[in-house]
Amino acid sequence: MASLNQLVAVCLLYVAGLFLIAFLAERAAQRGQSRWLLRSPLVYTLSLSIYCTGWTFYGAVGFAARSGLEYVTIYLGPSLVMIGWWWVLRRLVQVGRSQRVTSIADLISSRYGKSNALAIAVTVMAVIGVTPYIALQLQSVVLSLSAFADPAPGQQPPQAGQINSASAALWVAAGLALFTVLFGTRNLNVNERHPGVVIAVAVEAVVKLFALLAVGVFVVWGLMGGVSETFARIDASAIGTWQVQGDRWLALTMLSGAAFLCLPRMFQVMVVESEGERHLQFASWAFPLYLMLMSLFVVPIAVVGLDLLPAGSNPDLFVVNLPLSQGQNGVAMLAFLGGFSSATSMVIVATLALSTMVSNHIVMPIWLATHQGRATQSGDVRNVVILSRRLSIMVIMAFGYLYYRASGGSGALAAIGTISFGGVAQFLPAMLGGIFWRGATRIGALCGLGVGFAVWVFTMLLPSFGTDGVLSQDIFDQGLMGLAWLRPQAFFGVEGLDPTVHAVVWSLSLNAFSFVVVSLLSFPSPIERLQAAHFVNVLDGGTGSARRWSAAGAGSEELMIMTQRILGAQDAQAFFRKEAEAQGLRDGLPDPSPKFVQALERELSGSVGAATAHAMVSQISGGAAVSVEDLMAVADESAQMLEYSNQLETKSRELTETAAQLRRANEKLTELSRQKDTFLSQISHELRTPMTSIRSFSEILRDAEGMSADDKSKYASIIHGETIRLTRLLDDLLDLSVLENGQVTLNIRSGTVGDVLDRAVTTALAGAEAPLRIRRQPRRENVVLRTDLDRLAQVFINLVSNAQKYCDADAPELRIDVRETETGTWIDFIDNGQGISPDARNVIFEKFHRLEGAGGEGAGLGLAICSEIMSRLGGRLFYLEDGPGTGFRVELPDRLSAAEDIAARRSAEVA
Amino acid sequence: MAERAPVFLERRRYRARRMMDAVRLLAFLGIALWMVPLMWGVPGDGGAPMPMSAALRYIFGVWVVMVVVGLVLYRRTPMQADDRPTDGGS
């Protein structure tokens with residue numbers, strides 16, 4: 001008889017061993033060592049064995065002792081699911097990998113457009129469904145402990161060593177919470193993988209299988225004496241015939257298969273920790289083998305227990321009590337350890353999976369909403385996540401403990417387990433619909449889950465507390481609110497069904513029905529539709545698409561090629577060389593270690609944006625498909641870059657325009673400067689000629705003696721004439737300068753064209769030697785003008801005297817025509833000479849331009865001044881190309897206001 | 001030999017595809033075999049009840065068959081990644 005202290009010591013030793021194994025595995029995983037072990041298909045298969053909990057270990061025997069072979073359905077369902085891995089599990093694992101799913105709540109919520117409401121619903125349902133299950137594990141550990149402390153009745157009287165079951169359960173719960181906190185939340189990983197926990201679970205799987213087989217071998221060969229004797233004794237026992245109802249056989253098989261897929265802890269080890277299809281196929285035969293071995297000796301143990309142990313002893317404890325009653329303390333101890341490890345592994349993984357869901361879908365959204373904008377440093381969030389995980393683990397464990405205390409540790413283990421299965425199986429329609437049917441919508445999933453869960457609570461959970469427990473006898477008899485079709489065990493008046501079958505059939509079928517109907521009637525949001533396509537077509541991505549890389553791992557070559565495309569060959573090579581050196585490789589490409597890939601992603605994100613870089617690198621290295629959120633982030637970045645490049649384009653266009661303007665301005669300035677130089681040189685020349693003659697003649701006058709009075713008078717008159725010329729030149733220059741600078745003040749008066757012409761002709765021809773005949777039409781000259789008449793006369797004088805000077809006809813004649821048009825008044829001055837040669841026409845308005853043959857009198861400024869005056873007056877002066885002889889046309893605007901406007905504007909421009 | 005190599009390869013690929021078919025269909029065999037007990041009489045139906053030892057032998061026998069066939073198929077389909085196009089029809 002092992003003492004309680006021994007038992008506790010063994011337990012502590014066992015847990016310490018688990019700690020060590022988990023710790024070593026965690027460290028090896030971090031260093032990237034022992035991949036062959038950590039990622040072997042065997043470990044994967046063994047980790048699936050958390051399906052076999054304390055319920056399996058103790059409860060299966062109790063189940064068999066009560067209802068024969070029915071217990072085996074709990075293993076047949078999962079076996080069938082594993083054997084049919086190709087149909088459902090393969091898809092689930094692929095979706096889980098490509099979407100980086102962290103829990104079943106995450107899977108369902110991301111399938112239906114990352115719906116937070118759905119995630120919360122699934123999380124809450126999972127917590128409600130699994131809490132009794134955790135309580136069940138605590139109960140099984142406490143029961144088996146008490147079996148040691150309080151031996152079967154009749155052997156020994158109760159003694160001082162009897163345990164307090166409440167405090168024992170508390171200690172167990174606290175210890176398990178500690179273990180889970182230590183190994184489940186040591187580090188944060190986006191994939192939510194926990195190699196340490198997986199290895200610990202695998203070790204526990206071996207322990208419990210070994211323990212149960214040991215008890216079985218002891219029973220079959222030690223107590224019964226062989227296989228054939230065993231069969232004979234089984235047939236002779238109370239459960240010696242097949243007595244399973246067909247509907248229960250079918251319903252329980254289905255239920256266990258569904259729960260196998262939907263239990264949060266199973267999802268954690270099967271999908272989240274999965275290593276790919278090959279492991280799944282390995283498990284497709286190895287896990288059924290494990291289950292078969294676990295259930296192989298259940299019936300013999302039950303039969304022998306019923307036979308040997310006193311009537312009334314708890315069949316759930318046959319596994320421990322049978323060796324104890326036979327004095328086989330070693331076997332009993334082993335059996336206890338097996339049960340202990342079944343319970344602990346289940347509790348650890350279940351709380352881990354639930355805490356991930358609670359913290360990811362309930363705590364973090366609330367925290368982020370209340371701390372908006374303050375989570376600027378990633379370290380902040382990380383600490384909060386870890387803290388919320390730990391708190392969630394403790395809270396869930398506390399729930400389990402409270403449920404255990406509240407239920408008083410009563411009830412057969414199998415019944416509690418079945419209820420829990422029924423709760424989580426409600427996820428099945430939404431999950432399967434999500435991965436097989438693109439038409440499934442968020443609203444549909446919410447409705448299905450809600451209806452199924454409500455029916456489950458009403459027909460399975462609440463009745464489990466017994467009549468008059470939560471539901472009164474009235475409700476059982478008359479239905480809810482007196483509605484006969486709402487009786488918890490006879491929905492819609494269908495009576496006579498087994499309560500479990502009734503609850504499973506109604507909850508799942510109403511769940512699936514409302515899920516499908518509401519999905520058909522509702523319309524999904526865009527992100528939902530995208531996710532639907534992603535989930536349903538998850539297997540199509542791998543075939544024939546060159547864009548998808550094998551999941552086997554990052555190829556440095558592929559990364560190199562991609563990096564070259566983004567950074568350019570030289571930079572990419574330099575970066576890879578640097579990384580290779582950092583890894584201690586002399587030449588060649590660096591190994592695609594996580595650190596390197598991270599560095600590369602950082603490097604690339606400098607060029608293409610973080611989301612794009614992540615999407616690209618994970619395409620190559622993770623084999624993970626890009627999620628819709630990733631794509632949207634990429635689109636955002638692209639839009640920003642597009643916007644930026646548009647801005648750049650606009651700016652560069654503006655710059656080009658400005659440059660062109662500057663170039664034009666520069667050309668103008670250069671031209672002006674050139675003109676100024678020309679002007680200055682011409683001016684100096686013009687001034688120099690008269691000055692030279694003035695100087696020479698005045699020197700003669702000063703130095704020559706005995707000069708005659710006639711000579712003196714002749715020379716003095718030459719000097720005088722030259723000074724007059726100089727003065728006129730300076731006057732003209734002054735005039736031109738004033739006109740060009742716009743400083744001219746117009747003296748506006750009214751008068752007729754005829755008057756102005758009269759004055760001009762008289763002035764121009766005064767003292768003229770050669771006769772010039774002027775032909776005018778006085779009738780048409782009676783046009784009233786309102787302008788600066790003096791300036792206009794100046795123009796006319798210049799034109800008339802030019803004609804007089806340059807007309808080379810024998811009988812020079814000037815015709816002056818006046819015409820009124822719609823836009824103003826035209827005055828043409830046309831002589832009968834040869835006209836101006838085409839070459840010269842372009843330059844006659846230039847300063848200092850003189851036609852050949854002119855008597856050397858003018859400075860060549862006349863026409864330039866006239867042209868300038870006309871533009872001041874708002875009109876213009878130009879050469880008439882057509883017609884014989886030299887012709888100039890003076891155009892005057894109709895209204896003076898225009899002229900004034902223009903004059904004003906010009907002066908403003910100059911100013 | 002060079003000419004016959006493709007024939008050999010085709011045949012092997014054909015085999016691999018049929019193996020994958022078997023993987024897919026095995027679950028249906030399992031369902032069919034494990035649902036046979038639905039036809040066994042229960043006490044009260046009249047007729048001889050099925051003895052427990054026979055029921056145990058049958059159910060665990062099916063289990064062993066499933067495991068062995070699964071193992072054989074696992075060894076016979078070494079790299080289904082090569083033959084993903086066989087998905088046709090699913």
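**A buried serine and an aromatic pair**

Mentor: Leaving aside neighbours within four places in sequence, Ser507(A) is in contact with Gln426(A), Gly452(A), Val455(A) and Trp456(A); contact means heavy atoms within 4.5 Å. This is a predicted model, in which local features need pLDDT of at least 70, side-chain atom pairs count only at pLDDT 80 or more, and totals for chains, interfaces and linings use all residues. Residues are numbered from 1 along each chain as its sequence is written, chains are lettered from A and ligands numbered from 1 in the order in which they are written, and side-chain values use heavy atoms, with hydrogens and water left out.

Trainee: With the side chain of which residue does the side chain of Ser507(A) make a polar contact?

Mentor: Ser507(A) is buried, with a relative accessible area of 1% (buried means under 20%, exposed over 50%, partly exposed in between, with a 1.4 Å probe and protein chains only). A polar contact is a pair of N or O atoms within 3.5 Å, one able to donate a hydrogen and the other to accept it; residues adjacent in sequence count only if both atoms are side-chain atoms. At 2.9 Å, the side-chain partner is Gln426(A).

Trainee: Is the aromatic pair of Tyr51(A) and Phe260(A) stacked or edge-to-face?

Mentor: Rings of Phe, Tyr and Trp (its six-membered ring) pair if their centres lie within 6.5 Å; planes under 30 degrees apart count as stacked, over 60 as edge-to-face and the rest as tilted. For Tyr51(A) and Phe260(A), the centres are 5.4 Å apart and the planes 85 degrees apart, so the pair is edge-to-face.

Trainee: How far apart in sequence are Phe260(A) and Phe287(A)?

Mentor: Phe260(A) and Phe287(A) form a stacked pair, 5.6 Å centre to centre with 20 degrees between the planes. Both residues are buried. The pair ties together parts whose separation in sequence is 27 residues.

Conventions: Helix = DSSP H or I, 4+ residues; strand = E, 2+ residues; numbered from the N terminus.
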